[in-house]
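Welcome to a short tour of one protein model.

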Amino acid sequence: MAVVRSLVRGPFRLRNITVPPAPVLSVRTVPLLCWRRYSTPAAKQAVKRNNGTAQANSKEYIDFEDNVWDMNDIASAKKRIKGVSFGQDSISLSLDSNGRSESYEISYIRLRDGCKCPLCVDKYSKQRNFRSSDIPVDISTKACTWDGATLSLTWNKDVPGFKSDHITKYNAADLYYPWDLQWHSFHSTGPERRRQNWEGPEMKQLQHWISYNDYMYDDEKFTVAMRNLSSLGLVFVKDIPDSREMVEKIAARMGPLRNSFYGSTWDVRTVPEAKNVAYTNQFLGFHMDLMYMKDPPGFQLLHCLRNSCDGGESLFADTFKVAAYVRHHDPELFNKLKNTYITYEYQHKEQSYQNTWPVFEASPNVNPHNSVTHVNYSPPFQGLSTPKPSLPPSITREREEIQALQDFVNRLERPRNIFELKLKPGECVIFENRRVVHARRRFNTTRGERWLAGAYVDEDAVLSRFQVCKETYPRAWRSLTRRVPYWDSNPSIDPRATANPETSEMVANLMKQLLEKDAKK
Ligand SMILES: [Zn+2]
């Protein structure tokens, strides 16, 4: 039901909230279900109904995940595989997907290619001892068995060099959660993982704060922070010792620091005749950093060392939330933003960088959510955009592109979208650079000081850290499917006092009240 629920929002949503973790549902099932359920009349109607009330109630756009998926759950996979039949070129799995019968085919080529036995993959180096190109295209099996838990295969015409005693084995989970369908799950740690998108008031509820000591020295609490970063794209560290060295330590806990011409760490302070607009006291609008590079950093840290000037508040907004809204409610605009390319540049005496990006970078893989993998947006560093060479110059198209950009910005900058706070000394924000745009209010430099130390970590490195955290503390990773409902009249919660509002009694009580209120309707 995951997808139907996420489409049917509004009044239905609260009723679907379950406080304890929902039953395990496989990632394997969900993408397939998505495909089908999207096309059922009921789902279509739900989308229609939702569109009808779209403007009236923005509560309806929260992307919630209703099910907890666990790719390592062999027991549940075993239950769901009803049988395996063996064909000429492939096996066919009969599956029970929540009462529906489905089948899924996996070729012998793919099964041979995925063999992880000690002959195929070196136990220590984890390097593979054969090449895909070594697999005979007409490979077939000699013997196949499925005992309800393990699939065992021996091969006819195996990869040259492999003897007849070579056995390929898969457990139920390996088969049930096939490789390429795991990308989009909520618990995935890949670039296409599902996120929990947010608007300002939601982030007010969901914001995750962790103390420096827990972040650095408590692996499980660190996992919880990484889980939130993976899902929300924004977390905060507090109680940081007052030292310029700290931002490097905090960043290095996630992965190697990204070096750039700014250095491996850098400072944001008011300096006269700044080259970079971030170094002045003017309002700095929403942007992402280093978009003029080929691989803009995936994650950014800003450690506040001094912030005693008037103003200088930090603003954040979730561009994925905007993309999700546009995708559902204005597919034409979504496509335009996918095809609107903007050039970013950094042109100075010693540096000359330039790159061009579409506003919405959508997944090249086919998935039912057609989700974005990155949003690219950084007006302060925009250069002259050159039209795509494949397209002839067209004033109409340029007008449309500017219009699309205006529509995007109008939605992004709605006050409701914005999460604002003034960082205090000893606090550090970590955010996903190509999802969460950041901005800064102007500040008065005649009195007080303002000093932030920054660093970047590449996306690859952080995704690797996510995966290691997930494997080491699977419970901590799974437990973070947050189901804090969204309400306008939220009581003021000081998140700096309650480290994890989700688990606080106060939030639990509020949820209870909401559920009761909802049940009365
Ligand atoms: Zn093998």
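Let's start with Asp174, which sits in helix α7 (residues 172-176). Helices here are DSSP runs of H or I with at least four residues, strands are runs of E with at least two, and both are numbered from the N terminus. Residues are numbered from 1 along each chain as its sequence is written. Keep in mind that this is a predicted model: local features need pLDDT of at least 70, side-chain atom pairs count only at pLDDT 80 or more, and totals for chains, interfaces and linings use all residues.

A residue counts as buried with 20 or more other C-beta atoms within 10 Å of its own, as exposed with 12 or fewer, and as partly exposed in between, with C-beta atoms placed from the backbone. Leu151 is 23 residues away from Asp174 along the chain, and their C-alpha atoms are separated by 9.7 Å.

## A three-stranded sheet

Next comes an open sheet of three strands in the order β4-β5-β6, with antiparallel pairing. Its edge strands, β4 (140-146) and β6 (167-171), each pair on one side only. Two strands pair if DSSP finds at least two bridges between them.

Six bridges link β4 with β5 (residues 150-156) in the antiparallel sense. Here Ser140 stands opposite Asn156 in β5.

## Helix α15 and its cover

Now find helix α15 (residues 459-472).

Which residues of α15 are buried? They are Glu459, Ala461, Val462, Arg465, Phe466, Cys469 and Lys470. An α-helix has 3.6 residues a turn, so residues three or four places apart point the same way. The cover over the buried residues of α15 includes α10 (219-232), α11 (246-254), β11 (299-307), β22 (450-457) and α16 (474-478). Contact means that the C-beta atoms of two residues, placed from the backbone, lie within 7 Å.

## Strand β11 and its partners

β11 is itself mostly covered, with seven of its nine residues buried. It runs antiparallel to β19 (residues 427-432), joined by six bridges, and His303 stands opposite Cys428 in β19.

β11 also pairs with β22 in the antiparallel sense, over eight bridges. In this pairing, Cys304 stands opposite Leu452 in β22.

Key:
The expected span of a helix is 1.5 Å times one less than its number of residues.
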